[in-house]
Amino acid sequence: MHFLCPSSDLREGHSRGFNVGNTQLFAVRRLGQVYLYRNRCPHRGITLNWQADTFLDSSAQLIACVHHGAQFLIESGECVAGPCEGETLEALNCLEDTQGLCSRIDLYRQAPIDFNPLAIQTYSVCQHFYPLRNRH
């Protein structure tokens with residue numbers, strides 16, 4: 001589990017980038033739901049953005065690759081326009097609780113960790129894995 005940010009740092013209709021080890025990720029909040037993806041375009045294997053925290057098109061309705069104009073659905077990561085049409089971004093598991101956003105990515109395997117949400121019942125997921133982090 002990797003703490004990404006407090007929930008308030010990812011506002012509705014916005015995106016934000018993160019580095020977890022050597023892995024670049026980004027998250028988008030749409031209609032209260034958070035979607036987390038690896039920051040890697042399926043067309044050329046390069047990052048989608050050239051400016052920090054800028055992953056959405058001008059309407060904030062689609063994820064956009066600034067390098068060649070591919071556009072992806074926020075909810076699924078499917079490319080709906082551009083040279084990689086029909087391909088998808090790599091979606092990652094994201095948890096949100098009272099502490100904020102956490103990702104479930106194993107830095108050694110570079111893949112999502114198998115996780116049983118029923119195993120954590122009465123306490124904060126992020127607090128459980130990051131009990132010593134500063135609280136503001």
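Visitor: How many bridges join strand 9 to strand 10?
Guide: This is a predicted model. Strand 10 covers residues 100–103. The two strands run antiparallel. Joining them are four bridges.

Visitor: Which residue in strand 10 is the bridge partner of Glu 96?
Guide: Strand 9 spans 94–97. The partner of Glu 96 sits in strand 10. That residue is Leu 101.

Visitor: Which strands stand at the edges of the open sheet of three strands?
Guide: The strand order is 1-10-9, with antiparallel pairing.

Visitor: Are the rings of Phe 26 and Phe 55 stacked or edge-to-face?
Guide: Their centres are 4.4 Å apart. Planes under 30 degrees apart count as stacked, over 60 as edge-to-face. The planes here stand at 5°, so the pair is stacked.

Visitor: How many residues apart are Phe 26 and Phe 55?
Guide: Phe 26 belongs to strand 3. Phe 55 lies in the loop between strand 4 and strand 5. The pair links distant parts of the chain, 29 residues apart.

Visitor: Is Phe 55 buried or exposed?
Guide: The cut-off for buried is under 20% relative accessible area. Phe 55 has 1% relative accessibility, so it counts as buried.

Visitor: Which residues form the aromatic cluster?
Guide: The count of aromatic pairs is two. One of them is the stacked pair of Phe 26 and Phe 55. The cluster is Phe 26, Tyr 37 and Phe 55.

Visitor: What is the volume of the largest pocket?
Guide: Its lining includes Asp 9, Arg 11, His 14, Asp 53 and Phe 55. The lining residues divide into three nonpolar, four polar and four charged. The volume is about 150 Å³.

Visitor: What is the phi of Asp 53?
Guide: Asp 53 is in the loop between strand 4 and strand 5. With 36% relative accessibility, Asp 53 is partly exposed. Its phi is positive, in a residue other than glycine, and is near 60°.

Visitor: Is Leu 31 buried or exposed?
Guide: Leu 31 lies in the loop between strand 3 and strand 4. Its phi is near 50°, a positive value. The cut-off for exposed is over 50%. Leu 31 has a relative accessible area of 75%, so it is exposed.

Notes: Residues are numbered from 1 along each chain as its sequence is written. This is a predicted model: local features need pLDDT of at least 70, side-chain atom pairs count only at pLDDT 80 or more; totals for chains, interfaces and linings use all residues. Side-chain values use heavy atoms; hydrogens and water are left out. Buried means under 20% relative accessible area, exposed over 50%, partly exposed in between (1.4 Å probe, protein chains only). On a 1 Å grid over the protein atoms alone, a cavity is a set of points where a 1.4 Å probe fits but cannot get out, and a pocket is an open set with protein on both sides within 12 Å along at least five of seven lines; lining residues have an atom within 4 Å of a point. Grid points are joined across faces, edges and corners, and a volume is the space filled by probe spheres set on the points. Ala, Val, Leu, Ile, Met, Phe, Trp, Tyr, Cys and Pro count as nonpolar, Asp, Glu, Lys and Arg as charged, and the others, Gly among them, as polar. Two strands pair if DSSP finds at least two bridges between them. Rings of Phe, Tyr and Trp (its six-membered ring) pair if their centres lie within 6.5 Å; planes under 30 degrees apart count as stacked, over 60 as edge-to-face and the rest as tilted.
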